[in-house]
Amino acid sequence: MGRYVVWQPGAGQTEADGEKVSARDARTAVEEWAYHNDYASNEFHIVGGQPATVMVRDLDAGKAFEWIVSGESVRRYTAQLRQPLKRA
């Protein structure tokens, strides 16, 4: 697991404001950040179609990269078979 810090400069954040994330790679760190950020804001901007540009620093390697993260809302349905009604 790698250690990353993710922040959104377009929202006025600096690296000091960033969220620390443990993940297998930078992409996964950004996706985890987006999931938690959208949920915490309770406005779901990313899932609603507004991609976010974020910075990610790999705390072990020291390198920072810019990422664009987007999301989608997925409809999912589940059906279960009911036992038929017994006729008298």
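Which residue in β2 does Arg 3 stand opposite? In this predicted model, Arg 3 faces Ser 22 of β2. The contact belongs to the pairing of two strands. Strand β1 covers residues 2-7, and strand β2 covers residues 19-23. They run antiparallel to each other and are joined over 5 bridges.

A further strand pairs with β1. This is β3, residues 52-58. The pairing of β1 with β3 is again described by an antiparallel sense, with 4 bridges. Two residue pairs place the strands against one another. Val 6 stands opposite Val 56 in β3. Trp 7 has Met 55 of β3 as its bridge partner.

The pairings belong to an open sheet. It is built from 4 strands, in the order β2-β1-β3-β4. The pairing in the sheet is antiparallel. Strands β2 and β4 form the edges, and β4 spans residues 64-69. Each edge strand pairs on one side only. From one strand to the next, the twist averages 35 degrees.

Within this order, β1 lies between β2 and β3. Is strand β1 mostly covered or mostly exposed? Strand β1 is mostly covered, with 5 of its 6 residues buried.

Note on methods. Residues numbered from 1 in each chain as written. Predicted model: local features only at pLDDT ≥ 70, side-chain atom pairs only at ≥ 80, totals over all residues. Heavy atoms only, no water. Buried < 20%, exposed > 50% of the residue type's maximum accessible area, 1.4 Å probe, protein only. Pairing = 2+ DSSP bridges. Axes fitted to C-alpha atoms, helices over the stretch in contact; angles between N-to-C directions.
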